[in-house]
Amino acid sequence: MKMTFRWYGIDDPVTLDKIRQIPGMTGVVSAIYHIPVGSVWPSEEIRDLKEMINKHGLELKVIESVPVHEDIKLGLPTRDKLIKNYKETIRNLGAEGIEVICYNFMPVFDWTRSKLDHELSDGSKALVYYKEHVDKMNPLKGELDLPGWDTSYSREDIEDLFNLYSKITEEDLWMNLEYFLKEIIPAAEESNVKMAIHPDDPPWSIFGLPRIITDEAALDRLCKLVDSPYNGLTLCSGSLGVAKENDVPALVEKFASIGRIHFAHLRNVKIVGEGSFEEASHLSKDGSLDMVKILKAYNDNGFKGYIRPDHGRMIWGEKGKPGYGLYDRALGAAYINGIWETLKAR
Ligand SMILES: [Mn+2]
């Protein structure tokens with residue numbers, strides 16, 4: 001495995017100079033954040049980003065993420081032009097040596113939490129999702145109190161999107177994903193870029209919107225939509241792991257053994273009731289996931305891909321982007337490195 005760290009670009013208070021000092025760090029995963037969703041990422045900007053990262057002794061081999069336009073998820077007639085742009089972005093990224101693109105297919109909302117600074121018993125602050133809190137919100141009545149939610153959407157935009165999605169079933173969303181993948185995977189193959197879908201976070205429907213990348217059956221179905229190693233997964237332990245029925249080590253075992261995991265997100269979560277969870281430190285005993293078992297499944301199946309500590313808590317008074325501070329993620333990386341070194345030595 002190759003250890004990486006998510007970096008949000010030059011405005012990120014967690015600088016490349018700091019990231020490179022974390023033991024074992026080979027690179028960062030990043031994106032070009034100012035390009036509107038659906039537009040082509042220009043080669044020159046990709047090259048500039050890569051060169052800046054390389055100058056700090058780090059690689060850029062994974063992009064997280066190239067967002068998928070809502071019109072593609074909705075299957076609107078405008079999708080063909082947008083998919084054409086997406087393919088061009090894939091080719092441009094491949095030409096600059098990018099190996100993996102992480103993306104997701106979640107309607108309207110990306111990852112969702114009810115609070116971003118919930119204080120845990122040790123005084124650290126974590127992202128949490130309490131079902132009773134989310135159930136009370138009604139985005140159509142303007143009762144959307146979702147922290148971290150993209151405020152660039154107006155209430156009218158949200159209403160329009162909800163109206164469009166009210167006609168889209170889970171099966172429709174699957175068909176639209178299949179259409180997208182059948183178009184882009186050949187471009188990914190030609191460009192030697194592995195596509196790696198991130199599971200839905202949390203892996204269940206919210207606000208009545210369809211969500212499909214949620215469990216083992218969904219990952220099986222995804223892999224079969226286009227049977228190519230270039231159609232793969234970002235296996236996120238924390239996203240899948242909040243649903244009790246998802247056995248994360250077994251999922252790693254299954255999909256790493258067939259070479260479909262291109263990017264691993266390692267995060268621990270504590271299930272605190274049906275449909276509710278708190279993000280925890282990476283340590284197994286702090287959450288509901290067995291991190292040694294998960295890493296052992298990667299090691300046993302010869303995983304050579306990219307891995308990163310996923311969200312961290314805010315500790316030691318750090319202020320910054322929720323989930324993406326330096327300290328707790330660095331501790332997570334060190335912990336993962338320790339487990340990995342031990343597994344390799346056995
Ligand atoms: Mn993740």
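A residue counts as buried if 20 or more other C-beta atoms, placed from the backbone, lie within 10 Å of its own, as exposed if 12 or fewer do, and as partly exposed in between. This is a predicted model: local features need pLDDT of at least 70, side-chain atom pairs count only at pLDDT 80 or more, and totals for chains, interfaces and linings use all residues. Residues are numbered from 1 along each chain as its sequence is written.

**View 1. The buried residues of helix α7.** Helices (H or I, at least four residues) and strands (E, at least two) are DSSP runs, numbered from the N terminus. Among the buried residues of α7 are Leu 173, Asn 176, Phe 180, Ile 184 and Ser 191. The buried residues pack against α3 (70-74), α4 (79-95), β7 (194-197), α8 (216-225) and β8 (231-236); contact means C-beta atoms, placed from the backbone, within 7 Å.

**View 2. The bend in α7.** α7 bends by about 30 degrees at Ile 184, and Pro 186 follows within four residues. The bend is the angle between axes fitted to the seven residues ending there and the seven starting there. After α7 comes Asn 192, with a positive phi near 55 degrees.

**View 3. The largest nonpolar core.** Such a core is a set of buried Ala, Val, Leu, Ile, Met, Phe, Trp, Tyr and Cys residues joined through C-beta atoms within 7 Å. The largest has 87 residues; Ile 184 and Tyr 298 are among those with the most contacts inside it. Helix α7 (residues 170-191) gives the largest share, eight residues.

**View 4. An open sheet.** Four strands line up as β5-β6-β11-β10, with antiparallel pairing; strands pair if DSSP finds at least two bridges between them. Tyr 129 has Phe 277 in β11 as its bridge partner.

Methods. Two residues are in contact if their C-beta atoms, placed from the backbone, lie within 7 Å.
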